[in-house]
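The following paragraphs lead the reader through one protein model, from its overall make-up to selected residues. Please keep the sequence and the structure in view while reading.

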Amino acid sequence: MAMAPTPVGTPDGGWGWVVAAAAFTVNGLSYGLLRSLGLALPDLAEHFHRTSQDTAWVSALALAVQQAASPVGSALSTRWGARPVVMIGGILTSLGFVFSAFAGSLLHLYLSLGVLAGSGWALVFAPALGTVSRYFSRRRVLAVGLALTGNGASSLLLAPVLQLLLDAFGWRGALLLLGAITLHLTPCGALLRPLEFPGDPPAPPRGPLAALGLDLFTHRAFLVFALGTALIAGGYFVPYVHLAPHALDRGLGGYRAALVVAVAAMADAGARLVCGWLADQGWVPLPRLLAVFGALTGLGLLAVGLVPVVGSEEGWGSSLLAAAGAYGLSAGSYAPLVFGVLPGLVGIGGVVQATGLVMMLMSLGGLLGPPLSGFLRDETGDFTASFLVCGSLVLSGSFIYVGLPGAVPSCSPASPPATPPPERGELLPIPQVALLSPGVPHSTLETTC
């Protein structure tokens with residue numbers, strides 16, 4: 001399992017595409033599976049005679065633990081390497097699903113699926129995605145976008161498959177089979193070959209604060225980015241849990257509700273690739289794209305919440321399908337930008353730690369958003385208010401992104417900035433450094449308003 005890393009420049013391809021494929025699978029078996037898991041929540045509520053708010057905590061806890069503990073996964077990866085950390089995380093995730101299949105209460109599900117599986121996911125996502133960023137420079141955002149399409153592709157496949165498993169084997173059998181599927185995270189970790197850069201720290205960080213990368217919060221640009229991301233997370237993950245139940249409330253049958261999730265997933269997956277390619281061209285600064293597509297995601301959530309009720313259960317719900325597709329396009333475009341902008345902010349040497357911190361920030365919204373949505377549904381009788389509130393949170397976070405360097409056009413002529421070496425970032429002390437797309441040093445210069 002151990003392999004001594006060799007100091008090299010950024011490969012920008014080669015084995016990096018294998019690493020991107022492994023991260024694709026890791027993302028699909030984490031966020032893609034979480035997005036489809038909402039199909040099982042009505043069965044859990046019926047079996048345990050609990051409310052939508054109570055069952056929403058199952059997915060919310062898994063999402064929150066996965067994101068809140070991501071800095072721990074990043075720190076362990078920095079110390080021991082991504083390969084063993086991801087492999088152990090895959091085993092923990094699989095055990096969480098297996099134990100949840102034998103749950104006798106919601107508390108059992110909270111502990112097994114929420115805490116244990118969530119802890120396993122925390123060890124796989126940040127190290128895998130951070131390793132992708134280290135393998136690419138000129139095509140970094142495209143590679144990250146490719147890895148993140150695992151979310152949409154997995155949702156497209158797992159949504160109808162999970163509904164079929166629920167109908168054939170019940171929720172217990174479905175969770176047991178998902179435990180076998182998530183065990184495939186372990187061989188994905190084995191593909192993460194270590195890579196070392198000359199600018200990497202000569203020794204692992206000393207002390208818990210340095211290991212977790214918390215000193216990044218002392219920099220203004222990263223602090224602005226962190227605040228906007230945390231606010232957006234309050235609404236971004238609600239469709240992962242409640243898009244399928246929302247479709248059921250709107251009068252669609254089980255498989256038609258799964259189609260709504262699949263359409264959103266398909267649009268999400270395609271947008272991640274297209275936006276990754278667009279961002280790598282350097283035509284528009286990454287922070288500006290981040291703010292724009294974040295705002296469009298908020299508008300998409302508002303549209304999903306405002307769709308009318310379908311007249312009959314046999315109807316296809318074309319308006320909801322269109323709104324879900326629009327949401328998927330905007331949310332998919334936003335996702336690779338969140339991680340693609342990090343090397344420009346913190347440098348390639350700190351990208352794994354920064355990825356873990358971003359996941360921790362998202363955990364705040366992941367923990368509060370779905371239960372708040374379930375509470376509003378229980379109080380109002382449907383998910384309209386849920387999606388309206390969550391869309392407003394996403395719009396507010398997108399407005400905060402305007403404070404990032406390069407998010408708005410400059411109102412004064414700018415001289416060509418110095419281009420940082422790949423191991424440095426915008427936050428590090430290099431005079432007149434602009435936030436640039438990798439490999440395109442002239443692309444984000446602003447000369448007029």
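**Overall architecture**

The protein chain has 17 helices and zero strands; helices (H or I, at least four residues) and strands (E, at least two) are DSSP runs, numbered from the N terminus. The model is predicted, and local features need pLDDT of at least 70, side-chain atom pairs count only at pLDDT 80 or more, and totals for chains, interfaces and linings use all residues. Residues are numbered from 1 along each chain as its sequence is written, and side-chain values use heavy atoms, with hydrogens and water left out.

Of the 449 residues in the protein chain, 57% are buried. Here buried means under 20% relative accessible area, exposed over 50%, and partly exposed in between (1.4 Å probe, protein chains only). Among the contacts in the protein chain with a separation of 6 or more, 85% are between residues 24 or more positions apart; a contact means heavy atoms within 4.5 Å. The accessible surface of the protein chain comes to about 16600 Å², and 70% of this belongs to carbon and sulfur atoms. Accessible areas come from the Shrake-Rupley method with a 1.4 Å probe, and for residues only the protein chains shown count as cover.

**The nonpolar core and a surface patch**

The largest nonpolar core has 113 residues, and those with the most contacts inside it are Phe97, Leu109, Phe225 and Phe339. Helix H7 (residues 140-182) gives the most to this core, with 14 residues. A nonpolar core is a set of buried Ala, Val, Leu, Ile, Met, Phe, Trp, Tyr and Cys residues joined through side-chain atoms within 4.5 Å. Leaving aside residues up to four places away in sequence, Phe339 touches Phe125, Leu129, Val144, Leu148, Thr355, Val358 and Met359.

On the surface, Ile91, Leu95, Phe99 and Leu183 form a nonpolar patch with about 330 Å² of accessible area together. Patches are made of residues with over 30% relative accessible area and no salt bridge, like charges being joined within 9 Å and nonpolar side chains (Val, Leu, Ile, Met, Phe, Trp, Tyr) within 5 Å. Ile91 lies in helix H5 (residues 82-100) and counts as partly exposed because its relative accessibility is 42%.

Which residues does Thr93 touch, not counting residues up to four places away in sequence? They are Ala117, Gly120, Trp121, Thr182 and Leu185. The C-alpha atoms of Thr93 and Gly118 are separated by 6.9 Å, although these residues are 25 residues apart along the chain. A polar atom of the Thr93 side chain lies 2.9 Å from the backbone oxygen of Gly89, and the side chain of Thr93 reaches the backbone nitrogen of Trp121 at 3.2 Å. Such a polar contact is a pair of N or O atoms within 3.5 Å; within protein, one must be able to donate a hydrogen and the other to accept it, and residues adjacent in sequence count only if both atoms are side-chain atoms.

Ser330, in helix H14 (residues 318-340), counts as buried because its relative accessibility is 5%. The side chain of Ser330 reaches the backbone oxygen of Ala326 at 3.1 Å. Beyond residues up to four places away in sequence, Ser330 touches Phe293, Leu296 and Thr297.

**Salt bridges and a loop residue**

How many salt bridges are there? The count comes to three, a salt bridge being a side-chain nitrogen of Lys or Arg within 4 Å of a carboxyl oxygen of Asp or Glu.

The side chains of Arg272 and Asp268 meet in a salt bridge at 2.3 Å, N to O. These residues are separated by about one helical turn because they are four residues apart in helix H12 (residues 254-281). Arg272 is buried at 2% relative accessibility, and Asp268 is buried at 0%.

Arg377 and Asp249 pair their side chains at 3.0 Å, N to O. This pair links distant parts of the chain, with Arg377 in helix H16 (residues 351-380) and Asp249 in helix H11 (residues 238-249), 128 residues apart. Arg377 is partly exposed at 22%, as is Asp249 at 27% relative accessibility.

The side chains of Arg50 and Asp54 form a salt bridge at 3.3 Å, N to O. Arg50 is partly exposed, with a relative accessible area of 41%, and Asp54 is partly exposed at 21%. His49 lies in the loop between helix H2 (41-48) and helix H3 (52-68). His49 is exposed, with a relative accessible area of 71%, and its phi is near 55°, a positive value in a residue other than glycine.
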